[in-house]
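The sequence and the structure are shown first.

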Amino acid sequence: MKRARRPLRWQEVAQAVRRQRIGRRFFYRAEVDSTMEVCQALGRAGAASGGVAVADAQTAGRGRQGRSWLAPPQSSLLFSILLRPSLPRSEWPHVLWPFALALHEGIERVTGLRAAIKWPNDLVARGKKLGGLLAETSADGVVVGAGLNVNFPAADLAVDQPFTTLLDELGEVVSREELLIACLQSFEAWYARWLADADEVWQAWRAEAYLIGRQVQIVDGDKRHSGLVVDQDRDGYLCVRTESGKVLRHAAGDAQVRIDD
Ligand code: BTN
């Protein structure tokens, strides 16, 4: 029987991706504050695009909107990638589109599970959060990061939102090495496609959207309204048609979405 928690055999992963643009430089830490921080430091030091930082535990893992990201040690995939895209800076935050598509594809290739992509950048299974993605842009490039819940029961963590793990979804331990290799290989391809044709990747991201066609409630500061999600537009905004017929656009940083089932 496979052990749910053990150190990542990172050498296997580094070996598998050594000829790629993504992962040619590979940094593993048993414990670190945040893999985002490792890649930001690489960026400041002038490292090339494509460096990957992976950790088995984070002491200050960060999520969106100032939240923290928790994961039991040696249970999950926690990694970041330094990128220097050859696209206008206004496009850089959209690197989350090829990144989300890569994780979606990597998970399916290894486990058969089709996780949906929930705006702005969550991976969900049966509506529950399976992973979260983050992008941080700076003058030195853009760092993307992913936290994927793998080999622990969701009940082990007290989290204030519907939350799941691959162990809970599949009932078996998943090889984190295989999963990380598949995600990095998929990202190699999706990232190249995005650099070549960002519009095409936007269309692919929209095609996997969990929220389009769903009735939601938007909480934006002290304003809230209900409506039908009709699109995720080329700027990355969530477009919601309210009862009056008006379409309101919401930026990822501002709105919280609740699904009306
Ligand atoms: C979210 O809030 O949903 C995004 C979470 C992103 C978490 C990952 S874990 C690896 C990387 N390092 C961090 O500190 N955060 C990201």
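In which sense do β5 and β6 pair, and over how many bridges? The two strands pair in the antiparallel sense, and 4 bridges link β5 with β6. The model discussed here is a predicted one.

Strand β5 spans residues 122-125, and both of its faces are covered. D122 and V124 lie on one side, L123 and A125 lie on the other, and these residues are all buried. In a regular strand, side chains alternate between the two faces of the sheet.

β5 also pairs with strand β4 (residues 116-118), again in the antiparallel sense, through 3 bridges. A hairpin of 3 residues connects β4 to β5.

## R126 and helix α4

The side chain of R126 makes a polar contact of 2.9 Å with the side chain of E169. E169 belongs to helix α4, which covers residues 166-170. Why does E169 count as buried? E169 counts as buried because its relative accessibility is 18%, and the cut-off for buried is under 20%.

## The ligand site

The shell around the ligand contains 19 residues, of which S34, Q58, R62, R64 and K129 come nearest. A backbone N or O atom of R62 lies 2.7 Å from a nitrogen atom of the ligand, and a polar backbone atom of R64 is 2.7 Å from an oxygen atom of the ligand. For K129 the side chain is involved: one of its N or O atoms is 2.6 Å from an oxygen atom of the ligand. On its own the ligand has 420 Å² of accessible area, and the protein covers 99% of this area.

Which elements each supply at least two residues of the shell around the ligand? They are α2 (35-44), β3 (77-83), β6 (128-138) and β7 (141-148). The largest share comes from β6, with 4 residues. By residue class, the shell divides into 7 nonpolar, 8 polar and 4 charged residues.

## Strands β1 and β2

Strand β1 (residues 26-29) and β2 run parallel and are joined by 4 bridges. Within this pairing, Y28 stands opposite V54 of β2. Strand β2 comprises residues 52-55: V52 and V54 point one way, A53 and A55 point the other way, and all are buried.

## Helix α3

Helix α3 runs from residue 96 to 111 and has 16 residues. From its first C-alpha to its last, α3 reaches 22 Å, close to the 22 Å expected at 1.5 Å a residue. Buried residues in α3 include L96, W97, P98, F99, A100 and L101, and A102, L103, H104, G106 and I107 are also buried. Just after α3, G112 takes a positive phi of about 85 degrees.

Definitions and conventions:
Residues numbered from 1 in each chain as written. Predicted model: local features only at pLDDT ≥ 70, side-chain atom pairs only at ≥ 80, totals over all residues. Heavy atoms only, no water. Near = heavy atom within 4 Å. Polar contact = N/O pair within 3.5 Å; in protein donor to acceptor, adjacent residues only side chain to side chain. Areas by Shrake-Rupley, 256 points an atom, 1.4 Å probe, with all protein chains shown as cover. Nonpolar A, V, L, I, M, F, W, Y, C, P; charged D, E, K, R; others polar. Expected span 1.5 Å × (residues − 1). Buried < 20%, exposed > 50% of the residue type's maximum accessible area, 1.4 Å probe, protein only. Pairing = 2+ DSSP bridges.
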